[in-house]
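Subject: Structure handover

Hello,

Here is the structure I promised to pass on. Please open it first, then read my notes below.

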Amino acid sequence: MLGKIALGVTMLASQTLWAQEIVFNQKASLEQVYKKAVEADGLLSMNDLNVEFGYVLYQSEIVTQSESEELELENVRDYAAVYVDGKLQGRMTDNNKKIAIKTNPGKYLLQIYVENIGRITYGPEITDNSKGLFGEVTLDGNEIENWKMVPLNIRKYPINELVFEDRSEAETPGFYKGTFELGTVKNNYLDISGWGMGEVWINGKYVGSYWEEEKQRSILIPSEYLVQGESEIVIFELKNNQQKTMKLSQTPVFK
Amino acid sequence: MNLYKNLKHLLLMLFLMQAYALKAQTVSLDLSGKWKFQTDVMDFRRGSLSPRYNHVLQEEIQLPGITDDKQIGYKVPYQYIDRLTRKYEYMGPAWYQRDIEIPAAWKGKKIFMYFERTHWLSSIYVDTKEVSSIDYISVPHNHDLTAFVKPGKTHRITVCIDNRFQYKTHKWNHAHTEFTQINWNGILGEMKLMAIDPVYVEDLQVYPNIEDKSIKVRLQVNNETKKQFKGKVSFTITGANYKLKNEVAVVSTDTVSFVEANILLGKNAQLWDEFNPNVYQINVQLNTSDGKENYQHEKAATFGLREVKQGKNHVLLNNRPIHLRGNVENAVFPKTGYAPVDDASWERIMLLMKDYGMNHLRFHSWCPPKAAFRMADKHGIYFEVEMPMWGKDAEPDEDRYNFFRREIKAILKEYGNHPSFVLYCNGNEITGNFDFIEELTAEGIKLDPRHLFSGSTARTRVKSDQYYVSQQTNKGPVKVYEGLPNTDWDRSTESDVDVPVISHESGQRCIYPNFEEIKKYANSPVEARNFEVFRDMLQKNGMLDQANDFFRASGALTVLEYKAVIEALLRSSKSAGFQLLSINDFPGQGYAPVGILDPFWDSKGLVTPEKFREFCAPTVALLRYEKSSYFNTEIFRGKAEVYNFSNAAIKNAKLKWWLTDANGKVLQRGNLKSQSIANDKVSPVGEFSIALKNVAVSQKLTVHLSVNDQIKNSWDIWVYPSHQNLMQSTPEVLYTSVYDDVAKKQLAQGKSVVLYPSPTDVKGCKSIFHNHFWNPIMFAWAPMTIGNLVHNDRPMFKDFPTSYHTDWQWWDILNNAKVIEMQDTPPQLRPFIQVIDSYDNNQKLGIGFEAKVNGGKLLVLAVDTKTDLDKRPATQQLLYSIDHYVKSDKFSPQVQVEETFIQSFLTK
């Protein structure tokens, strides 16, 4: 009886150590990484905005007449998170270019955060290399015009200069910060299960990107990026899934 | 199982052999030669009543061969732009027929009809009845006819070969694409009728264990006697100076039994790798008896003692990291229209790989025939093979899924013994259901531990991946498509994930087509009619005389890009390797002449194998440096590294560096500390610097690095004096950025004008250093140009050292320039910096030209001469050289252009 209990305690302890939970309780607003905005009547692709890869915020004002209206994009390369007045409406890809916008009739700010991390299909499907949003965007069939397009400086922004605050319940994309402790420094895998799409820095160094559509659910953190004691982790998350935590794993994680 | 014991067995065997000699073993009838033939474009014969009447087919065809050999099918009147044009297209069922007497002596035997390679459904009719159908793409078709033919009787055998797509697989798959090898109809390689005793070895697999130098031999023995059989399996293993015999007893009543034997090969057995490709042959003789009849069957296989494992960042071969220097092989065989099945053709390719310092071939969306494996075994080349799978082939389609489920097993069974078969991947850039991709990958790992497995190149990762070929990982890009004028960078960090990462389809730099190749297609089933279109267009545009120059200049650029690309990937110590796309041209997908070899694998004369091996070989001297163009007040700093993935560490290596001028004269030299250089890694070996202050005249210099005077590599740098007060107008020469009244007046007075508009004021596309990626027909996006031809013998280059092609000193010039469209100028006008247009457009383009305008002399240079000019020594020097020229009496443009032309390319 006694032996069993002891065993149970040991297992619990090792499990805790094995899957350390990292709590992200700080957030930095995205406005800090806005680059110079471009305004135009119609959409400009990332190519036209001189953005080779990375993220662009497309925003415009919309007026809704009913409680549910259909937002339709003509081209999405490669991934978009749609927000209305800071509230996530859903995600869109080139295979899923329609979404319902649910609001009380009124005037709103439509924000579409679009990702292109250079997933160029050098294959038969694509002989057109335009990225971002282009063509028309319609709301219940009416074209949305007067766009403001803001390239986001995610990958090259000096991460340690971001100003973080205690995290609120806001659903908008942004940077999140947390810390974790390590007794011994060795290779670890960061388990990103549950998060949407984004990028990761450990102790100020870029370590990789993730996307929930992929089977791969972890990013290798090489030991040379880690320190004994406390390490800091910063996440940029495009599609806010309201996740609070990530875990470390000793093995790669796949779904 | 020691040798002495084996010898005893041998003696016993000899005695037994006499008894068995009475009974014939495997016998075969060669089926090559003339066959009766009939096309079936209506696809109705199979569904009609015709087979019931057992008609004699009326035409004749030679087999092995393909319908193209006999010019069967649609005579193509077109000049396909995006690929070579097949002269005669045929896709549909085709019928081949022969009356064959089955020898009476074959009574009681299993009878098979064997085709080494066909496309892709083969069906056999015996007399009036269809009896067997097989639809493998990657392996031989072996039809079991035992139940349908009668020994002693002559049967009318009619074979239907159907090269239509049997499943909805991607039409670009190299196993059957019109883009490279054509989607042929025919039978290739060995074709025979075989008689085999009814107790026979269906499958022979050899699993090496390098730790104790043993092999596990696994046999599948089929017994069709319905009786118990007893007997022996004798193994004979031979290699260079090696022979071993062994045997085990067998007894079984089952129709299928498995025999496993562990055989120690002994201390003298040699491991297999790229440096020591020791191949062994195993011969298995099965001698059995059911108490009444005696049976014999033999099967042979080649194998190597080698083990493949997944390392941290590299593939491990025999527990040592290997680095893959590879080429993407896309079934490019325009001479025959099909991938060869003979040893000599494949041996040529393996020797070419060795010649160019490579050790790896990735067979992109196809699996080559046995001869390729045999020759790779022999010469030590590591293969990655794939199924015909690409793009949406993993989207749900149960028929297609089942085809792939069969195909992977067939590939592993047929080729699994070959030591060269190191990597397996399902296919290329797959999209769809990755649970299916995971299923196949996990199944492969379970079936065959002799290879590493991967789900898909360059797409979603799966759990069972043991390596990953991609342009990017979740840590960033691992692709290298082009070089830079600096070399202190690599792709190590991005390659460091949970599995070894191989850089996908590196290079892909387009060269202007060599129209001389047109004549090489005279006896091929395909023709370069696209080249004829391109050539005619070039002629119409008045530049046919420049075709060869365009080819040479863009070709030279591709060579220096490939040197930079390959070196970057060799510097990437955490990369498992690269796959160049490709050493030979790809004749489809828009036609991509990206190779230093043409589609026939013949050299284009752009680089010698010796020169190529300086940067692509098992041991390469590498140098990291900041830039290629220097002021003579600067210091060149080099960080030397040695990439060593050879068969040994280099003890007490002497490391020398030296600097030469264009005439080869040594200007400076020095040594790095002598040291031992480890094997299986990239090692920093020291740094050196060279003050360039003694270089008074602008010139190209070469930095050399050598290891023990044997391994040598070199890099060109350019050194220039700095210049102030460039572009100063004089009464005779006006420098202006706008074509205004002052400029016009200057010209009207018969004087000289240098017009250097800001690139933003010039119409036309942006200039960039690199030649187009892959080809401008498939990827019709910027730059749509394929390098530049420099008219370096013209006097404006007198003080600017340059070759006829652009090199790294041109980097800041070309990346800060605009391309002027000049097709409307007189044909005699050739811009001195001539941009080579896409070959499906062939317009005259330039960045700099000179002309007579309105009685004056004009030189135009569409290069940014303002931004950061103090950091652009080469641009400064070009301006200096031009300044000297325009202020000398040599400035004498010969060709007259209208003023309207000057205005046509300016925005204001």
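The mean pLDDT of chain A is 86. A score of at least 70 is reached by 88% of its residues. Within chain A, strand β11 (residues 147-152) has the highest confidence, at 96. Helix α1 (residues 2-18) of chain A has the lowest, with a mean of 42. Look at the start of the chain with care. Over residues 1-17 of chain A, pLDDT stays under 50. For that stretch the model has zero contacts beyond four places in sequence. Where pLDDT is low, predicted coordinates should not be read in detail.

**A sheet in chain B**

Chain B has an open sheet of six strands. Their order is β3-β2-β8-β13-β10-β11, and the pairing is antiparallel. Which strands lie at the edges? They are β3 (59-63) and β11 (129-134) of chain B, and each pairs on one side only. On average, neighbouring strands of the sheet are turned by 30° against each other, direction ignored.

Strand β2 (residues 33-39) of chain B runs antiparallel to β3(B), and five bridges join the two. Find W35(B) there: its bridge partner in β3(B) is I61(B).

**A covered helix in chain B**

Next, go to helix α4 (residues 370-379) of chain B. Is α4(B) mostly covered or mostly open? Mostly covered: seven of its ten residues are buried. These are K370(B), A371(B), A372(B), F373(B), M375(B), A376(B) and D377(B).

What covers them? Among the elements of chain B that do so are the strands β21 (294-303), β27 (382-386) and β29 (421-425). The helices α3 (343-355) and α5 (398-415) of chain B also take part. Just after α4(B), G380(B) takes a positive phi of about 75°.

Best wishes

Conventions. Residues are numbered from 1 along each chain as its sequence is written. Chains are lettered from A and ligands numbered from 1 in the order in which they are written. This is a predicted model: local features need pLDDT of at least 70, side-chain atom pairs count only at pLDDT 80 or more; totals for chains, interfaces and linings use all residues. A residue is buried if 20 or more other C-beta atoms lie within 10 Å of its own, exposed if 12 or fewer, and partly exposed in between; C-beta atoms are placed from the backbone. Helices (H or I, at least four residues) and strands (E, at least two) are DSSP runs, numbered from the N terminus. Two residues are in contact if their C-beta atoms, placed from the backbone, lie within 7 Å. pLDDT is the predictor's confidence in each residue, from 0 to 100. Two strands pair if DSSP finds at least two bridges between them. Axes are lines fitted to C-alpha atoms, for helices over the stretch in contact, and angles run from 0 to 180 degrees between N-to-C directions.
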